[in-house]
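Please open the model in your viewer and display it as a cartoon. The stops below move from a single residue to the whole chain.

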Amino acid sequence: MNTPSQCPISHGTALPEGAFGDFSRDMSYGDYLGLEQLLAAQKPLSRDHNELLFIIQHQTTELWMKLMLHELTAARAQIIADELPPAFKMMSRVARIMDNLIQAWDILSTLTPSEYSAFRESLGKSSGFQSHQYRMIEFILGNKNASLLAPFAHHADVHVAVKSMLESPSLYDESLRLLARRGLPVADRVTSRDWTQVYAADGSVADSWHLVYGDPARYWDLYELAEKLVDLEDYFRQWRFRHMTTVQRVIGFKRGTGGTSGVDYLKSMMDVRLFPELWDVRTQL
């Protein structure tokens, strides 16, 4: 243990030995991260103390969702290329991001109904329901719904990006196409369907996953792929659940600012199953 005289902490105005102090010609930490722009992006519309919490909660969530989309689209590309180990790493990272976002609801839950009511009118009709990144995450995970493009019609670039995700095979679609390429009995109706439609459970897919889970040694990488997918859906369900309980805690059963039924809408989303056969196979084995 260092004695006070041995402590390496700098005293007075001196920088720690070796630390750079002149960034007039070099990139600093703040420059690299664009902190001037990032920290100026919080613009409360009311004078209420608690609005800053609400803004930062949602802005940081959007940053994490940007990384989730980065990882999920890359994982899908790796599955298409039959390069599963990198896909596993990316999917694991997304699951951990979701875990982080689940815990983040604890911070927003410190907002009481009275505190939220003090600035809620400032939100107007804006709502997390209009998050294009969240919608793209739902689409790449397979919860497709063309009507949900409507909130983005006013922003051409965003609309194109969300529509492209709607029209592309989901992560699960590409996983099932991989099973078919590996010789498992996935029907053609599954591997060449209309990607804009929500996936419906199929007997041929159930049979294929049953074969994988019945002989893990033979299908080890597909077995691991299945468990990575289950991890994703498990964390996604928990994220949705924590969202629902936080909203109920803060606003009860009021309608959402975006016009949805609020808690009732979020509860209905809890019934969505993204990878149904991977849950059914647990009963069948």
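**A guided tour**

Begin by selecting Arg193, which sits in the loop between helix H9 (188–191) and helix H10 (203–214); helices are DSSP runs of H or I with at least four residues, strands are runs of E with at least two, and both are numbered from the N terminus. This is a predicted model, in which local features need pLDDT of at least 70 and side-chain atom pairs count only at pLDDT 80 or more, while totals for chains, interfaces and linings use all residues. Residues are numbered from 1 along each chain as its sequence is written, and side-chain values use heavy atoms, without hydrogens and water.

Is Arg193 buried or exposed? Arg193 is buried, because its relative accessible area is 16% (buried means under 20%, exposed over 50%, partly exposed in between, with a 1.4 Å probe and protein chains only).

Next, show the side chain of Arg193 together with Gln197: a polar atom of that side chain lies 2.9 Å from the backbone oxygen of Gln197.

Now move to Leu33, in helix H1 (residues 29–33). Leu33 counts as partly exposed because its relative accessibility is 40%.

Finally, view the whole protein. It has 13 helices and zero strands, and its C-alpha trace spans about 70 × 50 × 40 Å along the principal axes. Of its 285 residues, 41% are buried. Among contacts between residues at least 6 apart in sequence, 70% join residues at least 24 apart.

Note on methods. A polar contact is a pair of N or O atoms within 3.5 Å; within protein, one must be able to donate a hydrogen and the other to accept it, and residues adjacent in sequence count only if both atoms are side-chain atoms. Contact means heavy atoms within 4.5 Å.
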